[in-house]
Amino acid sequence: MKEDRIDTLVRTMTELQTTPGATTAPVGYLEISGLQKSFGEGPAVLADINLTLARGDFLAVIGPSGCGKSTLLKIIAGLIKASAGSIVFTHSGARADTPSALRRAFVFQDANLLPWATIADNVALPLRLAGYAQAERLARAAAMLELVKLAPASQLYPRELSGGMRMRASLARALATQPELMLLDEPFGALDEMTRDELNEDLLELRERQRWTAVFVTHSVTEAVFLANKVLVLSANPGRMHALLDIDLPYPRTAEMRLMPEFLRLVAMVTASLHSVRVKLS
Amino acid sequence: MIFRMASGGCRVEEVMHKLKSWMLAPSLLWPLLLGALFIALWYAAIALFHLPEYILPAPHRIFEEGLVERKTLWGGMVQTTYACLLGFAASVIGGVVLSLMLAYSSWAYKGLYPYVLVLKMTPVIVLAPIIIIWFGQGINSITIISFLICFFPIVANTTMGLRATDRNLVDLFQVYGATKRQELFYLRIPAAMPYFLTGLKIAAALTPIGALYGDTVAGMGSGGQAGLGFVVVIFSAQLKVPALFAAAFLACLIGFLFVGLVNWLSWRVLRRWHDSYLMDG
Ligand SMILES: Nc1ncnc2c1ncn2[C@@H]1O[C@H](COP(=O)(O)OP(=O)(O)OP(=O)(O)O)[C@@H](O)[C@H]1O
Ligand SMILES: [Mg+2]
């Protein structure tokens with residue numbers, strides 16, 4: 001079972017290495033249909049979620065607090081089971097009903113680092129769990145830390161880092177697995193606006209290299225519009241799809257785009273949609 | 001010339017400053033000062049109230065008589081240290097194994113924990129005679145008695161640590177497909193470390209008590225070599241009061257070293273990452 005997983009992972013890695021140019025690397029594909037979730041005998045938390053993501057899509061999920069965004073993400077990650085409906089995840093031609101361990105990465109709301117391990121060891125953790133040899137996982141962790149500009153901090157412990165640096169380490173840990181699907185649960189929610197903008201730009205730059213598909217939960221409309229090509233607005237009690245909006249801004253996106261009229265128009269559109277959820281609720 | 005004077009002045013100031021900060025270091029100065037005051041009061045009390053040696057011997061007499069009895073005392077120290085190490089090792093091994101069982105199976109937790117509590121709450125004084133009947137006089141009984149006194153803090157703390165792992169970190173391990181074994185070794189055990197070490201510190205303080213108490217009730221047949229607890233009993237029967245004080249002092253010393261060692265260990269393990277050891281710079 002476990003060896004199976006390592007095998008598939010190793011195969012993906014070789015594919016990635018032999019494919020010239022990161023843009024043509026295989027990227028995940030996600031299909032959610034009729035998804036429903038309730039905890040125990042409780043009321044439905046999520047209902048009628050039907051969603052198709054193409055490879056390379058960047059979906060932002062936004063909605064009132066408690067509407068089930070984290071729950072949706074955890075169901076996609078396989079951390080909790082849906083009550084009804086199906087999730088199909090396609091990778092490299094093979095079709096499997098549950099996402100396999102290392103093809104998807106999860107970035108939690110807080111950095112969620114092991115306090116007793118150095119930053120390098122933290123970044124290497126998923127690889128260690130997958131059974132990689134020490135030399136290889138340390139080399140890859142070092143490369144990832146370079147990518148997120150944390151190389152000088154590799155031997156420090158999480159508490160010795162600032163909140164923004166910790167979040168970068170958390171991103172590096174997710175990227176070290178070379179995922180096809182990135183699931184991010186309000187990763188920058190606790191950071192100040194300047195750090196958040198900076199990390200948003202870095203995130204898109206990293207995506208240019210690795211081309212994963214992303215589901216990104218956020219409370220910030222500007223963040224959603226800046227990052228995503230699709231924004232899912234959820235209503236609450238239960239969480240249903242209120243709107244699925246396209247963000248027609250070309251990638252790569254730059255910091256200056258935030259000032260363009262088109263960007264501001266899209267922000268206004270998402271804000272209006274979110275507002276209509278609130279009106280419907282009250 | 002002027003320059004040199006100035007720099008010389010600086011150096012004097014620096015030395016004064018160092019001296020001051022050293023003298024004011026509360027961790028060093030106060031205990032020393034208080035110790036000196038205590039010994040002075042000790043002598044004063046003897047002189048003032050004409051206390052005879054069989055009630056309160058003077059510190060220098062304790063030292064002299066300690067030297068006279070040095071063979072017995074040294075043998076006692078070796079034996080007691082040995083008993084402490086055995087009792088402590090038994091508590092750590094037994095405690096950790098029990099904690100892992102309690103943390104990993106809710107069946108064991110529900111079924112076993114009440115009995116652990118019963119065992120903990122039964123006074124050792126009542127159990128000691130039974131243990132001696134079963135295991136005889138000597139080091140075996142002493143180890144078991146000391147285990148009974150020390151194991152509980154380790155079990156209670158470690159179990160709590162193993163069960164209280166951060167939910168988000170458990171999720172993280174699950175996302176990346178960790179096996180139960182990996183979760184135990186890379187997550188639950190390190191996360192339980194601060195709790196385990198707290199239990200260890202309490203146990204370290206209890207261990208000499210266990211060993212000495214075990215000695216007083218089961219120390220007779222420890223291979224001719226009596227531990228400090230038994231030495232104390234003998235000296236008090238012989239009314240060798242200064243030597244008795246010397247034995248008590250050495251028992252204190254063993255306890256002190258033991259606790260010190262565990263504190264050092266805890267510092268070594270946790271200083272880089274745990275909030276209980278904040279770095280100064
Ligand atoms: N393990 C659980 N057991 C029972 N109910 C749960 C559980 N997890 C979440 N819920 C409920 O499901 C609902 C949705 O929770 P969820 O955490 O998904 O919301 P959210 O949209 O992520 O909120 P926020 O924006 O505040 O993070 C809430 O009403 C919550 O009480
Ligand atoms: Mg949430």
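In the predicted model, a polar side-chain atom of H219(A) is placed 3.1 Å from an oxygen atom of ligand 1, a polar contact being a pair of N or O atoms within 3.5 Å. Taken alone, ligand 1 exposes 630 Å², of which the protein buries 55%; accessible areas come from the Shrake-Rupley method with a 1.4 Å probe. A polar side-chain atom of S70(A) is found 2.7 Å from an oxygen atom of the ligand, and a polar backbone atom of G68(A) lies 3.0 Å from an oxygen atom of ligand 1.

The model is predicted, with pLDDT of at least 70 required for local features and 80 or more for side-chain atom pairs, while totals for chains, interfaces and linings use all residues. Residues are numbered from 1 along each chain as its sequence is written, chains are lettered from A and ligands numbered from 1 in the order in which they are written, and side-chain values use heavy atoms, without hydrogens and water.

The residues around ligand 1 (a heavy atom within 4 Å) include F39(A), V45(A), C67(A), E186(A) and H219(A). By class, the shell divides into three nonpolar, six polar and two charged residues, with Gly counted as polar, Cys, Phe and Val as nonpolar, and Glu and Lys as charged. Helix α2 of chain A, residues 69-77, supplies the largest share of the shell, three residues; helices are DSSP runs (H or I) of at least four residues.

Seven of the nine residues of α2(A) are buried, that is, under 20% relative accessible area. Among them are K69(A), T71(A) and L72(A). The helix is followed by G78(A), with a positive phi near 85°.

Technical notes. Polar contact = N/O pair within 3.5 Å; in protein donor to acceptor, adjacent residues only side chain to side chain. Helix = DSSP H or I, 4+ residues; strand = E, 2+ residues; numbered from the N terminus. Buried < 20%, exposed > 50% of the residue type's maximum accessible area, 1.4 Å probe, protein only.
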